[in-house]
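Here is a friendly tour of a structure with several chains. Take a look at the sequence and the model, and then we can walk through them together.

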Amino acid sequence: MPELLILIPFSAAILSFVIPEKFRKWIGLTAALFILVSSLDLNKKIYTNGIQRLNLGGWDPPLGIALNIDGLSIIFTLLTATVGFMVSLYSIWYFSKGEQAEQDGYFWPLWLLLWGGLNSLYFVADIFNAYVVLELISISAAALAALNGNASSLKAALRYFLIAMAGSMTFLMGIGFIFAQTGSLDMQTVAAAEQHGPLMFSAIGLITLGLIMKTALVPFHFWLPPAHSEAPAPVSAILSALVIKGSFFLILRFWFCVFHEAQAMYYTSLLLGVSGVTAVLWGSYQALIQSRLKMIIAYSSVSQIGYLFILFPLMFMSADPYWKLEAWTACIFQTISHGLAKAALFLAAGNLIQSCGTDHIKSMRNIAGSLPMTTFTLGLAGVSLMGLPPSGGFVAKWMLLQSILTSGQWWLAIAPVLGGLLTAAYIFKILSSTFVSDQKGPQKRNISFFMEKSALILALLSILMGFRAEEISFLLQERMSFDLSGGYLP
Amino acid sequence: MTTFAIYSITAVVLFCVGLMGLAVHPNLLRKIVCLNIMAGGAFLFLISLAYNSQGPEMDPVPQAMVLTGIVVAVSATSFALCLTRMIKERTGQCHLEGSDKDKDN
Amino acid sequence: MNLIFDLIIAVCLVGISMRIIFARGHFQAIVLFITYGLFLALAWTRLNSPDIAIAEAAVGAGLTGVLLMDTLGAIKTSEEKKMRIKVPLKLAVMSIVLVIVLGYSALQIPSDFSGLSLTVHNAMPLSGLEYSVTAVLLDFRSYDTWLELGVLLTAVIGVLTVRRRNSLTGSALPAPAEPVGRWIIKILLPFMVIIGGYLLWLGAFAPGGAFQAGVVLAGAGVMLWQAGHPCLAVLSNSSWRLLLCLGFSTFLILAASSLYYADQMLTHPQIKAWILGIEYAATISIAICLISLIQASPNSKLDKVS
């Protein structure tokens, strides 16, 4: 039952808010396990039986609200469940000692509320419902980003929150325009209605603008590096692997399910493509010149998000449906492999900080000797980000390059080619400093077994997902509730 | 129809004024006020739609949406104000350095 | 006549919003913002939405105003610079273009627009309620209302997290009010509770409902608190937490049990008592959440005491 994926995290959140602090983490871990199991179960059902559409409250849309679970939702749900489970496991030990211990009681209710919000976002089938869920996600994510309580993280959290709120308001205005044009809030009814004229043009612009603010696409990327690098390690992993993917998911839903006003979308998609290519180059360059590990990883997120937006011009310029499908699959692959690799990197960075006390790249000498497992994790996740075979990142970038070349849009190829080189450069910059041997270095602290393992498992998954490419493509191509050229399938 | 036109245009203007204020004001308190102006604009647009609907009565759905939106807006405002207070306590400042510079490129 | 009235409201709204942007002092801006809220309430009365007008007057002008004033008191510095805001030309041009584009498209709204009014109208007899806005909020789109209570709860947890607080009881109460203040409260409080209860009861068949009632009760609670009355501060930590999530958990339990019994989330017997039960739980929760949002972030002096 897909509803369980909403009910479990919310019940666990309430429970963990009411009970005493020391039991909260075990509630959180149990809930994470249940969510993982029920999302695997749901995946099996969708895979074999096809998409599901459920009404809530006993009312049919457009009067009531529905939930829509298709291949795209299930892929995002699984990504969230996997990363979420590993992060929960990691957090139990991360928040158990030192100055992090006092954050423990606050982390769990917020994280579970955020998880519930993300799961309900993936099932969303009503545009106003999407707004409420987005707000739930923004507030809990901003509160998590401020968990450290130091001045720089508070500032970063508020900067993020102001942008997220401005994005929400723009999105709400867009909902008003869609409602004015189509007289409905249900996505399927909106998709079936006539869409033309300036009203729809404004709606597409407002919705896309509001959502790219939250997704941190250039030029709205400036809030991301401080917010993601100042937060505690598990929170950084959640924010960059899941929260920005949540708003990206909504962009995909709107662009491929709801809108079909071809002309307005064509010009907007060009803008998105230019922003995407700029993001890839600018983000990688910034990552290369940073000197703190978490800042490098955060700027790397800015650049990897750019790849996702190259999808949009490809969808409107290539006429061949086969290559459209290829570009679409590449984009989702990139989302998954970036989510897994980035979560692994942030968790590994958390290990390094606990061990060395800082994340300055100069102070990371000889960690290859003292923390071999964490260094290995950094290397594996780096391979996936660079897009070397057989990683998931390789599959994504290979398919992306192929569809760029067949579409004849050569300017877009700058991103994967030059971006890949720059990515390799900053990954080597991280790795090379870990192998510098330094006998006189300060005493390194030991890292818990589970903290090293959960980061490693995520990195391994981002490499190994390449071997499950067929199943993912099946979910993406045969279990869609919509047609790639716009609108729902009957 | 004319009443509707007056209010929907006003709503759009209020929304844009709020957005502009958010971008130009360095002070955090004023940024939060500007967000609330934007919200007011978006709500006014929805209500003017409800007023304009040609049904047997006024469309209750946008009204319910605005009621939900007002609760969400006051929650978000109070959370943002709490962050502002903490920043003031920690740093003695009431703005985010660099944010006004980054805002409009 | 009405048209002139509309035009005056519209011009005032735009003028006030511009003044808020360009006001030099923060205090002036906040007072203007409260006026802005009152003018919006006026606009909504004119647009036949008394519900929203009550909510806006209570929240937009009332609660938000209190929150802003309170924060201003906490962040005020002695040498506050009254600087003039300059809008860069680029930004001004962009805003004007945006106004023109959005305004032009807003005028293209089809004249036969009917939204969902007919759909709701036809379903009203099935819902067991007489007032359509309440029916939309608590029956047709109850999922949204559930998540909205979730947003409110998240904001409270967020404030507690940022403030590193575990309970409301830890914060110091203001000194008990002087006799005049107590006398005013003695008169006002019963009225506020009655008005809150009346609004809640009214929601089933006329404008009013859980949210408006919750705001009025929250106002009464904040007043009591500020007067130093201990009735809210002595709430034990666990009962305060339970009250905070009462509304959200009621929906949660309803969702889980309806999934178990009826195989569909959030369905319930179409009896008025059910809906009113949910509404009462939501009202209490909204009131407690709003009081906590205001009282959990007091100024630093009190914080150091706790």
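What share of the 490 residues of chain A count as buried?

## About the model

This is a predicted model, in which local features need pLDDT of at least 70, side-chain atom pairs count only at pLDDT 80 or more, and totals for chains, interfaces and linings use all residues. Residues are numbered from 1 along each chain as its sequence is written, while chains are lettered from A and ligands numbered from 1 in the order in which they are written.

## Chain A

To take up the opening question, 68% of the 490 residues of chain A are buried, a label for residues with 20 or more other C-beta atoms, placed from the backbone, within 10 Å of their own. Chain A holds 20 helices and two strands; these are DSSP runs, with helices being H or I of at least four residues and strands E of at least two, numbered from the N terminus.

Along the principal axes, the C-alpha atoms of chain A fill a box of roughly 70 × 55 × 40 Å. Among contacts in chain A with a separation of 6 or more, 80% join residues 24 or more positions apart; a contact here has C-beta atoms, placed from the backbone, within 7 Å.

## Chain B

Chain B has four helices and zero strands, giving the pattern α-α-α-α along the sequence. Its radius of gyration is 17 Å, well over the 13 Å that the globule rule gives for 105 residues, so chain B is more spread out than a compact globule. The C-alpha atoms of chain B fill a box of roughly 55 × 25 × 20 Å along the principal axes.

Buried residues make up 76% of chain B. Of the contacts in chain B with a separation of 6 or more, 54% are between residues 24 or more positions apart.

## Where chain B meets chain A

This contact takes 23 residues from chain A and 30 residues from chain B. On the chain A side, helix 5 (127-145) and helix 6 (151-182) are the elements that give two or more residues, and helix 6 of chain A has the largest share, 16 residues.

The side of chain A that touches chain B divides into 19 nonpolar, one polar and three charged residues. Ala, Val, Leu, Ile, Met, Phe, Trp, Tyr, Cys and Pro count as nonpolar, Asp, Glu, Lys and Arg as charged, and the others, Gly among them, as polar.

## Where chain B meets chain C

Here 75 residues of chain C are in contact with 68 residues of chain B. The largest share of the chain C side, 13 residues, comes from helix 3 of chain C. By class, that side has 47 nonpolar, 19 polar and nine charged residues.

One helix pair is worth a visit: the axes of helix 3 (residues 60-91) of chain B and helix 7 of chain C come within 9 Å and cross at roughly 10°. That makes helix 3 of chain B roughly parallel to helix 7 of chain C, a term for angles under 35 degrees. These axes are lines fitted to C-alpha atoms over the stretch in contact, with angles from 0 to 180 degrees between N-to-C directions. The contact includes B:F79 and B:M86 of helix 3 of chain B, and C:L152 and C:R163 of helix 7 of chain C.

Note on methods:
Two residues are in contact if their C-beta atoms, placed from the backbone, lie within 7 Å. Angles under 35 degrees count as roughly parallel, over 145 as roughly antiparallel, 65 to 115 as roughly perpendicular and the rest as oblique. The radius of gyration is taken over C-alpha atoms; the globule rule is 2.2 Å times the number of residues to the power 0.38. A residue is buried if 20 or more other C-beta atoms lie within 10 Å of its own, exposed if 12 or fewer, and partly exposed in between; C-beta atoms are placed from the backbone.
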